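Good morning, everyone, and thank you for making time for this.

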Amino acid sequence: MSVVVPAYNEAAILEDNLNILCDYLHTIETQYSWEIVLVNDGSRDNTGSLAELAAQQHPGINVVHHRVNQGLGQALKTGFEHCRGQYIVTLDLDLSYAPEHIEQLLQKIQATQAKVVVISPYMPGGKVSNVPWSRLMLSVWANRFLSLAAKRDTATLTGMVRAYEASFIKSLSFRSTGMDVNPEILYKARMLKVPIVEIPGHLCWRNHSRPHTRKAAKPARRKSSMKILRHSWSVVFYGFIFRPVMFFVLPGLMLSLGAAYVFAHIGVHCLEAYGSLPPGTGFSELISYTFVEYPHDYFLGMITLILAFQFLSLGLLAMQMKHYFEESFFLGTQINKSNRS
């Protein structure tokens with residue numbers, strides 16, 4: 001099996017955490033032959049040189065360099081291309097998920113014959129420790145939203161720590177270069193109707209120590225490098241991709257109910273006015289009278305009805321385009337597999 005570890009400006013933790021990871025992998029090498037593919041994603045510090053030094057000390061480490069930072073998605077693509085294992089595990093270099101999760105992932109993917117196994121701290125049995133409250137809330141609600149969009153069959157869609165069948169992930173076409181690669185992979189795996197399994201895990205942020213000096217003897221609290229706005233946008237985007245009905249059809253139906261309520265209110269006004277107008281008053285005169293008396297009801301009803309129609313129309317178009325895209329992607333994947341074989 002291959003362990004893909006993206007790294008960007010991780011010089012402070014690289015040596016210690018690679019040693020921890022290698023020590024663990026040595027404990028399971030009677031069951032699995034292993035390699036680590038470390039992708040230095042254009043780091044601006046000495047991550048690259050430290051990684052090469054670690055590769056000299058540990059023959060199982062293979063270091064691949066990007067000249068410039070290309071993002072998590074591209075780092076994973078590069079890592080997959082250099083993997084030789086039957087199974088591929090993706091892991092954060094900060095070891096926020098302990099290396100012991102690797103064996104759990106491998107056992108589950110072998111037992112279930114799944115193509116993807118996801119570690120989740122948010123499913124029953126999962127656990128979260130030492131994560132700042134603001135970062136935790138963002139992650140929790142992002143995954144709840146995406147889980148709802150994905151019909152609640154997966155609790156964690158943004159996490160990177162997973163196991164893949166190598167032949168599957170290498171044949172999968174994905175375009176994201178940033179952190180949104182994680183929900184994209186699951187979305188496209190769902191389109192291909194491959195088995196996806198989720199197991200509970202323990203997410204625990206580690207506090208890494210600073211060099212011991214007179215001025216700095218306390219451990220450094222870890223900071224997130226995630227771009228909040230960009231990540232939030234990708235969550236909303238993939239929520240729409242998973243289920244466009246949430247964004248258009250449901251609001252359209254709610255607006256339709258609102259329009260129906262307003263027009264029912266207008267009907268009540270018409271009945272009240274009919275009793276007070278002279279006998280023989282025509283329908284058009286009745287409408288004119290109530291319009292003069294209650295113009296805001298008519299304006300509100302028409303605007304709500306127009307918006308409802310527009311939302312429902314956009315929802316139907318979005319669902320149709322989603323269907324066409326999924327059919328095209330499935331067909332293209334099958335053609336790509338045929339060409340590879």
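What you see is a predicted model, in which local features need a pLDDT of at least 70 and side-chain atom pairs count only at pLDDT 80 or more, while totals for chains, interfaces and linings use all residues. Residues are numbered from 1 along each chain as its sequence is written, and side-chain values use heavy atoms, with hydrogens and water left out.

The pLDDT is the predictor's confidence in each residue, from 0 to 100. The protein averages 86, and 90% of the residues score at least 70. Helices (H or I, at least four residues) and strands (E, at least two) are DSSP runs, numbered from the N terminus. Confidence is highest in strand β4, residues 87-90, with a mean of 98, and lowest in strand β11, residues 219-220, with a mean of 46. Over residues 209-224 the pLDDT is below 50, and this stretch has 21 contacts in the model beyond near neighbours in sequence, a contact being heavy atoms within 4.5 Å. Where pLDDT is low, the predicted coordinates should not be read in detail.

Let me turn to the interior. A residue is buried under 20% relative accessible area, exposed over 50% and partly exposed in between, using a 1.4 Å probe and protein chains only. A nonpolar core is a set of buried Ala, Val, Leu, Ile, Met, Phe, Trp, Tyr and Cys residues joined through side-chain atoms within 4.5 Å. The largest such core has 41 residues, of which Met1, Val3, Leu25, Ile36 and Ile102 touch the most other members, and its largest share, 6 residues, comes from α1. Leaving aside neighbours within four places in sequence, valine 3 has contacts that include Leu21, Leu25, Ile36 and Ile102. Apart from this core lies another, of 37 residues, with Val39, Val181, Val235 and Ile241 among them.

Why can helix α7 be called largely enclosed by the rest of the structure? The reason is that 10 of its 11 residues are buried, including Val181, Tyr187 and Met191.

Now for the spaces. On a 1 Å grid over the protein atoms alone, a cavity is a set of points where a 1.4 Å probe fits but cannot get out, whereas a pocket is an open set with protein on both sides within 12 Å along at least five of seven lines, and lining residues have an atom within 4 Å of a point. The second largest pocket is lined by 15 residues, and the closest to its centre are Arg190, Met191, Lys193, Lys322 and Glu326. Two elements, α7 (181-191) and α11 (295-340), each give two or more residues to that lining, and α11 gives the most, with 6. The largest cavity is lined by Leu14, Glu15, Leu18, Asn19, Leu50, Leu53, Ala54 and Gln57, and the elements giving two or more of these are α1 (11-27) and α2 (47-57).

Finally, two single residues. Isoleucine 303 lies in helix α11 and counts as exposed, at 51% relative accessibility. Asparagine 143, placed in helix α5 (residues 133-149), is buried, with a relative accessible area of 1%, and, neighbours within four places in sequence aside, is in contact with Tyr122, Ala155, Thr156, Leu157 and Thr158.
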